[in-house]
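Biologist: Hey, I'm new to this one. Can you walk me through a piece of it?

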Amino acid sequence: MKDIVIVGGGYAGFYTAWKLEKKLRRGEARVTVIDPRPYMTYQPFLPEVTAGSVEARHVAVSLRSHLRRTRLIAGAVTNIDHAARTVTVTPKDGEPFPVRYDTIVVTAGAVTRKFPIPGLVDEAIGMKQVEEAVAIRDHILTAFDRASVLPPGPERQKLLTATFVGGGFSGVEGFGETLALATALLKSYPELSMADISFHLVEAQGRILPEVTDEPGKWVVRHLERRGGHVHLNTQMLSAVGGRVVLSTGEEYDSGLIVWVAGNAANPVVERHTDLPLTARGSVRVRADLRVEGDDGIVPDAWAAGDDAAVPDLASPKPGALTVPNAQHAVRQGKRLAKNLVAALRGEAPRDYVHHNLGVVATLGLGHGIFQYKRIVITGFPAWVMHRGYHVLAVPTWERKFRVLLVWISAVFAGRDIASLGSITEPRRAFVTGGVPDTVTGATDAR
């Protein structure tokens, strides 16, 4: 049997393995997925996790529960040596070890792009993983608790100030959802008012949401500002040292929460630790049929898809265009890749990946959204319903669809769950301190 190794269990990797299980004949090939995480994260729901509209567990699709015929290795691939048909796996515990293969599928995904801004790494948090979304939600809930017992002043203001850097889909959706959460919390905190809340969205370009056209983008800015948000266009964050945000416009303020969502960067493993051909941006070079291609032609037994692959966009009228790195493409590329792998195993020709855009839809908070398909633009509550409808259909497995729907239905009758579980980041603190506050014990660490 052929050994197929899939590097990465994200969208493209998960769907490739999932569809291979359904299409491969018994004894035709062995499939292995290597990923340090035991689940695939459905990232479009992360903004709703930050707002408490979706349970964190429900955006994490267990690999072992749904890939029953696939070998799963919990570890990070730290080197891909295609000449030797070997990948090096580094587990959390133990020594690195090699895994041999006949065919490799690179779906390692991208990582958060960072810049050398003073204080960024020390103060900011991303929004690419489920634990980050949960931490953002718990931070906001905890900040309201702490601010409610403080007098008006700089300390209270900093606790209730949030900054999102990046005006793409992740940044705008995260900003809109957390702004909606903060606004809703005021009903439960009579000590606080809208004047105490300060939410900032910082974007280096002159517009947000580049996936939509100019006028819908301008509408989103006006909409967020009407709800109390501050949108800074043509602005860069120059420093975040000590939580003090310094903008290129000269404005400065203290921010208790800084969320960095300023785009994706090449996966370091793919960019620096493989002999596969890459683009100048560090993505794997592939043909439209998802086979890896170098200067001398097709690289045998090598495939790639998703955010770490430069996939030609055959549906675009622009020559040389590549598919954008989003879930819509990654899911469909994974499905096409599985079909092409099976075709190649059986001596058939693989087919090109072609996907025409279905439009873009974004949530801007509970009951607020925007949808655009070509010249058709829908805003407000109908667009928000379309967003939820699309993503509950898109999230993989009926089990996850059912769980998400139950949470949404219960929220209609019971409202938002505003209990903060921020203390879970230090679960031993109560045991170590005996439940006595740190101001009394002087404790600084409970690990």
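Biologist: What handedness does the crossing have where H11 passes H12?

Modeller: H11 crosses H12 in a right-handed way, where right-handed means the near helix is turned clockwise from the far one by less than a right angle. Bear in mind that this is a predicted model, with local features needing pLDDT of at least 70, side-chain atom pairs counting only at pLDDT 80 or more, and totals for chains, interfaces and linings using all residues. Residues are numbered from 1 along each chain as its sequence is written, and side-chain values use heavy atoms, leaving out hydrogens and water.

Biologist: Which residues make the contact?

Modeller: From H11 it's Arg388, Val392, Leu393 and Ala394, and from H12 it's Lys401, Val404, Leu405 and Trp408. Contact means heavy atoms within 4.5 Å.

Biologist: At what angle do H11 and H12 pack?

Modeller: Helix H11 (residues 381-394) and helix H12 (residues 398-414) pack at about 150°, with axes 9 Å apart. Axes are lines fitted to C-alpha atoms, for helices over the stretch in contact, and angles run from 0 to 180 degrees between N-to-C directions.

Biologist: New topic: what's the strand order in the open sheet?

Modeller: The three strands go E23-E24-E25, with antiparallel pairing. Two strands pair if DSSP finds at least two bridges between them.

Biologist: Which strands stand at the edges?

Modeller: E23 (360-365) and E25 (376-379) do; each has a single partner strand, so one side of each lacks a neighbour in the sheet.

Biologist: How many bridges join E24 to E25?

Modeller: Four, with E24 covering residues 368-373. Gln372, for instance, has Val377 in E25 as its bridge partner.

Biologist: And where does H11 lie relative to the strands?

Modeller: Across E23, E24 and E25, running at about 115° to E23.

Terms used
Helix = DSSP H or I, 4+ residues; strand = E, 2+ residues; numbered from the N terminus.
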